[in-house]
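The following explanation leads through one protein model, from the whole chain to single residues.

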Amino acid sequence: MDGSYVQPQARRRGPTHPSSPTPGSPAASAASPAQTAAVDWDRDVPLTDAQVDVFLALEEAAVDPFFTLGIDPTQAAHHGAGEAAAGEDPVAMLTSQLATLGAAKVAASPLPPTHAFNRHLNSLQANVAAVSALKSHLHHTSKLISELDTHTSKLTSTHAQVQSSTDRLMRDKAEIERIASEIEAHLDHFSYLEEFASWVAQSPLPLDNHNEVKQVLARADTCLAFMTTNAHFTDAALYGTRFRQCMTRALMAVRNHIVNALRSVTLAPAGSGGGNGAMASQVDISSLPPKDALITLLATCQTSHAALALRDACQRLAPVMDELTRRCKDHPEYHALRTECVMAYFTVRWQVVGPVVDQMLTCIKRLEAEADPTLKHEVLVQQVEMTSSGLVTLVEEEKSEFARLFGSDHVSDMDPLIENITSPINSYFRPLVLSSSSLPTLSQICFTLLPPPAVPGLPAPSPVLLASLLSDAQHRLVFRSQHFLAATLGPVGSSEYSTDMRELVCQVLACLNGSVADEVVQVIAQDCVPLLVQRVLATKTAGPAPPAVGVAGESAISKRRGSMSAGLSMIDTAIAGGAGSNGTDLSLLELQLFRVHELAKVLDTVQEVPALNRPTTMSDPSAHHHDHQHQVDGRQGGTLTPGGGASIQDLLAVANNARIASSSSLLGSMLGLDPSTSPSPTASNPRDGPPPTLASSVDAALHRARDDLLLDRVHACTYQLKRFLVRVASIGADQIDPAQQTWASKDALLQLAREWHSGAEMELKVTHARVQAYLSDVPVARLMVLRPLVESVAVVYRDFVTQVARIHGGGVGAGQAKEESAFWAGFMSVEACVRWVQQTVCV
């Protein structure tokens with residue numbers, strides 16, 4: 001579509017001249033010819049849309065610039081008219097251009113008169129003048145803005161340089177101030193020497209002003225540390241030496257002040273309401289029972305005049321003592337000053353504690369004097385218990401008083417005072433302990449003196465107070481234990497055994513458990529337990545049945561259930577020869593049950609001792625002297641028992657000096673389950689399984705005795721059936737003809753079943769009665785015997801029924817003819833046999 005000269009109605013903007021009448025209107029008919037020509041020009045030669053838009057834009061832009069820039073539109077019009085008059089006629093030029101444009105676009109048409117364009121020309125000239133003036137002002141404004149931007153850039157650059165210079169100057173100022181401050185601080189360290197020396201030169205020093213003392217000494221420590229760190233400074237070494245001299249002089253003054261203050265706490269004269277003599281008379285304890293007297297004595301010992309005066313002095317001296325103690329950490333040369341203070345405290349403190357210890361011994365002796373002479377062992381234990389509890393209370397109070405002056409971190413420094421407190425008590429009890437022969441008494445004394453076991457999450461228990469007495473009790477306990485065992489068990493080759501031996505060994509192990517080190521218990525047990533087990537297995541005489549007791553719960557004995565089914569299913573060649581049972585041999589049955597009972601009791605005791613449930617050493621126990629060279633607490637001379645007391649090596653030496661046997665051979669025999677053989681490879685080779693323990697060795701011996709009993713009891717209950725099985729095995733079930741071999745006929749087999757049932761019932765009842773008599777106090781051993789017995793009898797009966805079925809056909813409960821059904825009715829099923837045996841033996 002061309003569209004150059006066709007102007008759509010939607011975009012028609014009306015006549016160019018605002019006063020042009022619309023064609024066809026009344027105004028148009030009355031218009032002048034010139035106006036008519038202009039209208040005809042607009043109609044015949046219309047402007048394009050682009051030309052109209054340009055003119056309108058120029059018209060709209062020409063109004064505001066005049067007002068904004070202060071330009072007179074009249075002058076602009078005259079100016080434009082003058083320029084046009086001076087040059088070519090603008091009307092002619094415009095007419096020519098329009099003619100050319102019209103000729104190019106449309107066919108020639110008559111042009112309107114010239115005066116129609118004057119108004120357009122004047123308007124355009126005015127617009128051009130306004131645009132030119134506006135352009136000039138805009139160019140000037142742009143130039144000013146460019147200059148302003150240039151000046152702004154220069155100012156910004158200059159400001160950044162000035163800011164950088166200012167920051168650098170501020171940093172230099174801060175560095176100079178820091179250096180000046182350091183120099184001033186360094187000079188203060190040097191200049192403080194004169195002030196510190198003047199303070200130390202005072203006589204006496206104002207040590208009662210604790211804050212001043214703390215500040216002065218802390219400042220001196222800082223200066224001394226500076227001199228030591230910066231030894232390259234001029235005169236730093238000289239000033240450091242002088243500071244140390246002044247500090248030593250100050251701390252010596254602190255030492256003298258503390259020692260003099262402690263020594264000034266003297267006892268008041270007797271009868272004045274103070275002193276330890278007055279303290280003892282304040283509460284009359286002579287009329288009280290010994291235990292109540294001791295409690296009263298401990299409750300009032302810290303309320304005496306001397307105790308209260310010493311406590312007040314310690315509270316006053318604690319701050320300056322803390323200054324001395326604090327400097328001992330970094331300067332060991334001051335330890336001697338602190339030690340003098342500690343010894344001065346001990347000297348004064350003993351005046352308070354010494355009479356209390358004497359009165360404690362008086363109470364203890366009164367307990368012995370007022371007790372029954374026949375109960376001397378019980379009285380000795382009561383004395384030790386009462387003394388131990390009293391000492392714990394007294395020592396804890398002393399630690400609290402000591403910490404009041406020297407701090408809770410240095411309680412271990414009061415060991416000399418504790419030694420002075422415990423020495424008289426150790427001296428009194430030592431002959432009583434060393435002369436005692438009662439193992440329970442010695443064991444109870446060890447339990448009383450040993451500290452309680454450590455509990456995770458709680459503070460560690462205090463060390464043993466009467467360590468010397470504990471060591472004597474442990475030595476005596478080990479020595480008497482070994483001699484009791486040697487006297488009771490006798491030489492290794494002896495076969496004598498009695499229940500008293502087992503009870504003594506169990507008592508010895510129970511007394512040693514927890515009283516001495518586990519290594520010592522293990523060595524002694526490796527001597528006596530294998531020998532005891534060997535005696536039990538070799539005894540030929542059964543002891544009396546233990547008293548009947550109620551059935552208790554199962555103990556901690558290992559519940560290994562060795563099944564005898566495989567062994568009992570084998571055919572005994574002696575039975576094949578026709579050997580039978582002539583009735584129960586009660587003496588043999590009781591002997592076997594006696595062995596099982598004794599071994600079960602030994603196993604119970606061994607399992608209750610933790611040391612005996614660890615792997616045993618097959619070497620000579622004397623080698624323990626070389627196995628414990630690393631001590632627990634750093635002391636020389638052997639590993640200490642838990643919590644203190646005698647060293648393990650010392651106790652092992654006592655135990656080995658009184659050894660009763662070579663544990664290596666006996667223990668090896670036990671592990672092999674045969675007294676005449678050496679240790680089996682299974683027991684001695686750790687690669688074949690877990691290392692053996694003494695408890696596992698006793699358990700193996702118990703199972704061996706149980707197996708011997710089961711073999712005898714199963715044979716007594718099933719020998720008739722075994723005889724039949726031997727005959728069948730020798731011939732073959734398929735080769736037996738019941739018609740020719742009458743022992744295999746139905747009647748003979750029914751008769752055999754009835755005879756077996758009657759005889760087995762009697763044997764089971766006898767077995768149950770004797771088991772109840774001997775094993776009632778060891779229910780686990782009872783079950784170890786009866787349960788395998790039920791299984792073994794059922795296995796033999798099952799084999800018997802199986803062979804009968806192979807000979808005659810059918811089976812118990814199977815579908816069969818009436819005659820065969822009557823035959824099998826005489827036999828019970830294997831399940832019924834198990835229930836019958838269980839009911840008979842009450843399992």
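**From the chain to single residues**

Ile183 lies in helix 6, which spans residues 118-200; helices here are DSSP runs of H or I with at least four residues, strands are runs of E with at least two, and both are numbered from the N terminus. The model is a predicted one, in which local features need pLDDT of at least 70 and side-chain atom pairs count only at pLDDT 80 or more, while totals for chains, interfaces and linings use all residues. Residues are numbered from 1 along each chain as its sequence is written, and side-chain values use heavy atoms, with hydrogens and water left out.

With a relative accessible area of 45%, Ile183 is partly exposed; buried means under 20%, exposed over 50%, and partly exposed in between, for a 1.4 Å probe and protein chains only.

The protein chain as a whole contains 30 helices and zero strands. Of its 843 residues, 41% count as buried. Among contacts (heavy atoms within 4.5 Å) with a separation of 6 or more, 80% join residues 24 or more positions apart. The accessible surface of the chain, from the Shrake-Rupley method with a 1.4 Å probe, comes to about 43,200 Å², and carbon and sulfur atoms contribute 56% of that area.

A second residue, Ser443, belongs to helix 15, residues 439-449. Ser443 counts as buried because its relative accessibility is 5%. Leaving aside residues up to four places away in sequence, Ser443 touches Leu477, Cys511 and Ser515.
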